[in-house]
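Colleague: I am new to this structure and would like to go through it with you, one question at a time. Could we begin with the confidence of the model and then turn to its parts?

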Amino acid sequence: GQQPAETAQAAPAPPNVKHIIAVGAGKGGVGKSTIAASLAYALKMKGGKVGLMDADVYGPSIPTMLGVVGQPRVTNNRYIPPEVDGIKVMSMGFLVPAEQAVVWRGPMLHKAVRDFLFMVEWGPLDYLVVDLPPGTGDVVLSLSQQLPVSGGVIVCTPQKVALLDARKALNMLGTVKIACRGVVENMRSEIFGSGGAEEWAKEAGVPFLGAVPLDPSIRITSDDGRIGENLEEGSPVREPLLAIADRL
Ligand code: ADP
């Protein structure tokens, strides 16, 4: 049976969301949104009901990556999230122009996150994947205050210089008491190197979820709003993405 809200350990979850996975990164441009969106597809393929919440107020790129056009409908004061390939999608980018959001302060972000969680008809979900803004800050704090987040995933590139940022992201999860599900090394390549994040994860004592190669197809599918194709048969990144989703 359903527990009354007062006896719940953390803030009440939106109805019927089993797992909330927050995807973060120490800095921008490492492929955080790409990984978040791809994992949403991978989880969907495993048979789950999946929502994708683009909370990257400073650069909401999820609608572009999934090719969402238009705005969510509003019924009875609730947002109906557009569905792409069966994934329910909400983005800060639907609601506010990015140039406006960048000047938002904590309280406004807090309210925006709350609206996203409680004013959106997510329906029953197995997974809600949240694409966090890069760095450490207000959005993850308010997310963690309003919901029992099941786990955080840190996306990092292989270079040594990137690991300092990953460490900050890990510390941030610790500060807001979100368990780190693990680290994804993205853009593994001859150019950026390989294994840096994997070694670091070992040192830091957090699980290594897997590596995704640097591959032009990812750049193309995300720019063209066809990111789901990364999970299709024949895609060079399908296997690593599915393996990462299995370990979540
Ligand atoms: P972030 O969310 O960390 O700012 P994005 O997910 O927006 O980063 O990715 C930044 C750019 O890098 C995008 O153009 C994306 O398509 C590209 N990209 C991400 N991961 C890869 C990869 N493994 N191989 C090639 N391009 C990638």
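Predicted model: local features only at pLDDT ≥ 70, side-chain atom pairs only at ≥ 80, totals over all residues.

Colleague: Which residues touch the most other members of the largest nonpolar core?

Modeller: That core holds 74 residues, and its largest share, 8 residues, comes from helix α1, which covers residues 32-45. The members that touch the most others are Val129 and Val130.

Colleague: Which residues come nearest to the ligand?

Modeller: The shell around the ligand has 6 nonpolar, 8 polar and 3 charged residues, and the elements that give two or more residues to this shell are α1, β9 and α9. Of the 17 residues around the ligand, the nearest are Gly31, Lys32, Ser33, Thr34 and Ser222.

Colleague: Which residues of α7 are buried?

Modeller: Helix α7 runs over residues 160-175 and reaches 23 Å from its first C-alpha to its last, close to the 22 Å expected. What covers its buried residues includes β1, α6, β8, β9 and α8. The buried residues of α7 are Ala162, Leu163, Asp165, Ala166, Ala169, Leu170, Met172 and Leu173.

How values were computed:
Residues numbered from 1 in each chain as written. Core = buried A, V, L, I, M, F, W, Y, C linked by C-beta atoms within 7 Å. Buried ≥ 20, exposed ≤ 12 C-beta atoms within 10 Å, placed from the backbone. Helix = DSSP H or I, 4+ residues; strand = E, 2+ residues; numbered from the N terminus. Near = placed C-beta within 6 Å. Nonpolar A, V, L, I, M, F, W, Y, C, P; charged D, E, K, R; others polar. Expected span 1.5 Å × (residues − 1). Contact = placed C-beta atoms within 7 Å.
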